[in-house]
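Keep the sequence and the 3D view open while reading.

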Amino acid sequence: MVRLEDIVKRRSQSESVFELQVPSFAVHPGQMVAVIGESGCGKSTLLDMIALVMEPTEVARFEISTGNTGGVCDVAALWARGDEGALSALRRDFFGYVLQTGGLLPFLSVRQNICLPGRIKGHPILPGRVGTLAKRLGVAGCLDRMPESLSIGQRQRVAIVRALAHQPRLVLADEPTAAVDKARARAIMDDMQRLAEDESVAVVVVTHDVDLIMDRVEVAYTFDTIEVSEQLTRSTCRLVKEHSP
Ligand SMILES: Nc1ncnc2c1ncn2[C@@H]1O[C@H](COP(=O)(O)OP(=O)(O)OP(=O)(O)O)[C@@H](O)[C@H]1O
């Protein structure tokens, strides 16, 4: 569904340069892939490139399969010719996002929060879908409440409903369980994994929590980071797991 090969991203800050190398990265429909590693190793940089919000510095191959008919979009070519219209359309239609702290707007009800991305994107949400997803994630009773009256765990579950409501093909989750305790984190990861399988949605989860994620995913990537010189830090993304859980 998403395939990256030989991608490099260089980020400069005053005198120092951080270089992320991604020899190979892939995620397929129905699969949950973990991206793990220490703070500063490049997890968010990789996620931002996959989300098409950060342009790679060098790229050999960056492809997204856009439909069930086998259509493949050459993202590298879109970046190369600065086709912002096509990139925006992909961002709008293809992705769902789950953020670290839920990111719900406090002045909208839970239901309005869930429906907002679909409204902004101009994608009507199928009748009954919000209720069905909310029921599956145990937040059906929260739909007409305001976010402030929900626990942190409930807010994260609502954020997952919101990410999936408009039927994206790929969900990007950046530390989705950082704000909840271990038991809730396990339950939320299990829910995301089951939903990914049932809906044939691909999920990329960025997390520090190796114990939490490794038993749950078929595929995981991490980073080898070295200080090449005082000025240059190089981090290389590599596969650490590729088995059935
Ligand atoms: N805006 C920026 N400009 C230049 N360099 C940056 C910028 N943001 C981050 N970096 C550098 O890029 C490197 C990777 O950052 P990134 O945020 O991808 O790491 P991370 O693994 O997601 O970290 P964390 O787990 O702490 O969120 C870091 O060394 C950081 O110093």
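In which sense do S3 and strand S9 (residues 219–227) pair, and over how many bridges? S3 and S9 pair in the parallel sense over 3 bridges. Helices (H or I, at least four residues) and strands (E, at least two) are DSSP runs, numbered from the N terminus, and two strands pair if DSSP finds at least two bridges between them.

This is a predicted model, in which local features need pLDDT of at least 70 and side-chain atom pairs count only at pLDDT 80 or more, while totals for chains, interfaces and linings use all residues. Residues are numbered from 1 along each chain as its sequence is written.

**Confidence**

- The protein chain has an average pLDDT (the predictor's confidence in each residue, from 0 to 100) of 90, and 98% of the residues score at least 70.
- Confidence in the protein chain is highest in strand S2 (residues 16–27), at a mean of 97, and lowest in helix H7 (residues 182–199), at 85.
- The model has an ipTM of 0.96 and a pTM of 0.89.

**The sheet**

- Ten strands form an open sheet with mixed pairing: the sheet of 10 strands runs in the order S5-S4-S1-S2-S10-S9-S3-S8-S7-S6.
- Strand S5 (72–74) and strand S6 (95–98) are the edge strands, each pairing on one side only.
- Neighbouring strands of this sheet are turned by 20 degrees against each other on average, direction ignored; the axes are lines fitted to C-alpha atoms, for helices over the stretch in contact, and angles run from 0 to 180 degrees between N-to-C directions.
- Strands of a sheet pair through backbone hydrogen bonds, either parallel or antiparallel.

- All 5 of the 5 residues of strand S3 (residues 32–36) are buried, so S3 is largely enclosed by the rest of the structure. A residue is buried if 20 or more other C-beta atoms lie within 10 Å of its own, exposed if 12 or fewer, and partly exposed in between, with C-beta atoms placed from the backbone.
- In a regular strand the side chains alternate between the two faces of the sheet.
- In S3, Met32, Ala34 and Ile36 point one way, Val33 and Val35 point the other way, and all are buried.
- S3 also pairs in the parallel sense with strand S8 (residues 202–207), over 5 bridges.
- Valine 33 has valine 204 as its bridge partner in S8 and stands opposite valine 219 in S9.
- Valine 35 has tyrosine 221 as its bridge partner in S9.

**From S9 to S10**

- S9 and strand S10 (residues 232–242) run antiparallel and are joined by 9 bridges.
- Tyrosine 221, the S9 partner of valine 35, stands opposite leucine 239 in S10.
- A hairpin through 4 residues joins S9 to S10.

- S1 pairs with strand S4 (residues 58–65) in the antiparallel sense over 6 bridges.
- The bridge partner of valine 8 in S4 is glutamate 58.
- S4 and S5 run antiparallel, joined by 3 bridges, and isoleucine 64 stands opposite cysteine 73 in S5.

**Helix H6**

- Helix H6 (residues 152–165) has 14 residues and spans 20 Å from its first C-alpha to its last, close to the 20 Å expected at 1.5 Å a residue; the expected span is 1.5 Å times one less than the number of residues.
- H6 is mostly covered, with 13 of its 14 residues buried.

**Positive phi angles**

- Glutamine 167, which follows H6, has a positive phi near 55 degrees.
- Aspartate 6 is not a glycine, yet has a positive phi of about 45 degrees; aspartate 6 lies in strand S1.
- Aspartate 6 is partly exposed, with 14 other C-beta atoms within 10 Å.
- Serine 200, also not a glycine, has a positive phi of about 55 degrees and sits in the loop between H7 and S8.
- Serine 200 is partly exposed, with 13 other C-beta atoms within 10 Å.
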